Amino acid sequence: MNLWNKLMCYSRRRSPWLFHMNGGSCNGCDIELIASLTPRYDAEQLGVRLEGSPRHADILCITGPITHNAVGAIKVVYDQVFGPKAVVAIGSCPATTNVFIESRTLDGPLNKHIPVDVFVPGCPPRPDAIIQGVAKAAEILAERASKKLPVAPVVMPLVGEGCGGACACGGSGGCATKEVQA
Amino acid sequence: MNMTTALARLLIFPGLLFAIPGAWFILWVERKAVALMQGRIGPPFMQPFFDFIKLLGKDTPPREGIGGMLMKAWPLIAVSAAAGAVGLLPVLPSSGGFEGDLILLLALLEVPSMCIIAAGFSSRSIFGEIGSAREAVLSVSYNIVFLLAILSIAASQHTFSLATLAQLPASPLRWLGVLALLICLPAKLHLNPFSLPNAEQEIYSGPMTEYAGPELAMWELSHGLEWVAATGLVATLAAPHVTFGWLAILIFVAFSFGIVLMLSAVASATARLAIDTTVRFYWQVTLIFAVLAISSALFMRFRS
Amino acid sequence: MNILVMLWKNLWGGSRTMLFPARPEVTEHYRGLVRFDPELCSGCAVCKFRCTAKAIDFKGGKGVFTWSYDPGQCTFCGRCVDGCKDHALSQESACPPIYTTIGELKEAYTVARKPPAPRPAPAVAAPAGPTEQAAAPAAGGTE
């Protein structure tokens, strides 16, 4: 039904639920993300809710240059977010690793591991820039979902049971791995 | 009440057809009131509706085996029980009930909490288990006061029928009972200061951690219907009785609205209490008053 | 009870929220995007040396050099602006915009090297001066 699809696309844009994940950041961008929920910037006017579980969220907000310890956890959490989903890289660190560019504890920019939709540059970005980034990600999510491009979750371990990259498998699968979906 | 009336009350008025938009309205009022009291503008009017539709469109996780079937069933049981509770409310004065429908309403209002507890345990996630344990402790604590308050109201007025309770003039004991109910409502509806199962920084999402998509939409809907049923119960007991149909509905809605505003003020004014403080509050502080209320009700009953 | 008074005042006092997409103004000394003025730059490459995030790239050639800047890599510390003796760099009070592809915001300028100022002493021959001095920065500029 075309009307249902239009309604669904509109609702996806109007109701972005976030899950925030820290990939080794200095917490500056995390603080600005929380500041965007304060009365002056009020992300809730767009329907944004900061959710407690990655299963509930549509948009994954990741901060920080991705350290070796964080890579496995980020991949596991990305798989735990159900489609349709979008990823926002907040700050210059996840986009380009910023000042840590030659550090040996890092594992590259974020789009080496998961597909990123919106980059919000800044060190840290202003809260209004973060809200703009989230709004753009919600639009991208709605458009992509209405065109029905395939976004298939691969493994779905339980929340909290990812191995965080410490295992021999390199962090690409959870210990409670269910069957891989095509 | 015969089958047709029962089905009409369950599905049409004040059943699902009116209760689901009512649930979305109450959820919006709560979020908007909390936001305005915190100095921000809140979500737009249609926000709970958009959240619901969006959740219906997300992918569903594969659930295997009996555990999976149970996980899929708990939100549906919660929604149907809450809808049944809403259907029992005597909004119109001549809607007729049956003797004992107060007990049925209390039982149906309890089912969503049971479903949350069961869902947390059947999701096999540690966060779910901790959240369910907290919900269970909370349930044991506030239910004592809740049930004793309702029993004292019913015993003092010699009836267990909601329609009769709505029509009788209020005795002073009824106001004490309503006050006790209002103290228990934040715990029942997971609001601050008793919002322990939703402690996001501590246990992710508690019992709801592994739920996604349409199942989560059903949980949100059952939460909204719980709001409607609980505020409707207090509004039934507190509102004055009028015979004119439209005025009765208007007064009912106005009282529910006032209760939602009051609860939102309490929710935005307080922070989350830890489990030991919560249990101590309900067992040490309010239990005394509930026991006093029930004993005075029984005493008055035996004297009259 | 103070909190209830506060809530009452908030309820009737109006919200302090900026409606989306309004954004607050940035102040004068806000460290924003770095702006490059090709007219003033003399190609010393101190900004590339001082850059903490390696956002500025400088490639010197014969007679021209290329100066490039990636706002996505930049950390907006201002060391380049402070170190530029020609005042060719300035930080405008503007937030960097959001983007969707890596490297989308990178900008590069190819600037012709300016001839040095003529020497005031009349004894030195005019055509020999510029070529020697043009050869020396060109040799030192290639890295």
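1. What share of the contacts in chain B with a separation of 6 or more comes from residues 24 or more positions apart? The share is 81%, where two residues are in contact if their C-beta atoms, placed from the backbone, lie within 7 Å.

2. This is a predicted model, in which local features need pLDDT of at least 70 and side-chain atom pairs count only at pLDDT 80 or more, while totals for chains, interfaces and linings use all residues. Residues are numbered from 1 along each chain as its sequence is written, and chains are lettered from A and ligands numbered from 1 in the order in which they are written.

3. Chain B has 12 helices and 0 strands, these being DSSP runs numbered from the N terminus (helices: H or I, at least four residues; strands: E, at least two). Buried residues, those with 20 or more other C-beta atoms within 10 Å of their own C-beta atom, placed from the backbone, make up 51% of the 304 residues in chain B.

4. The contact between the two chains takes 22 residues from chain A and 30 residues from chain B. On the side of chain B that touches chain A, helix H3 (47-56) and helix H6 (126-157) each supply at least two residues, and the largest share, 5 residues, comes from H3(B).

Methods
Buried ≥ 20, exposed ≤ 12 C-beta atoms within 10 Å, placed from the backbone.
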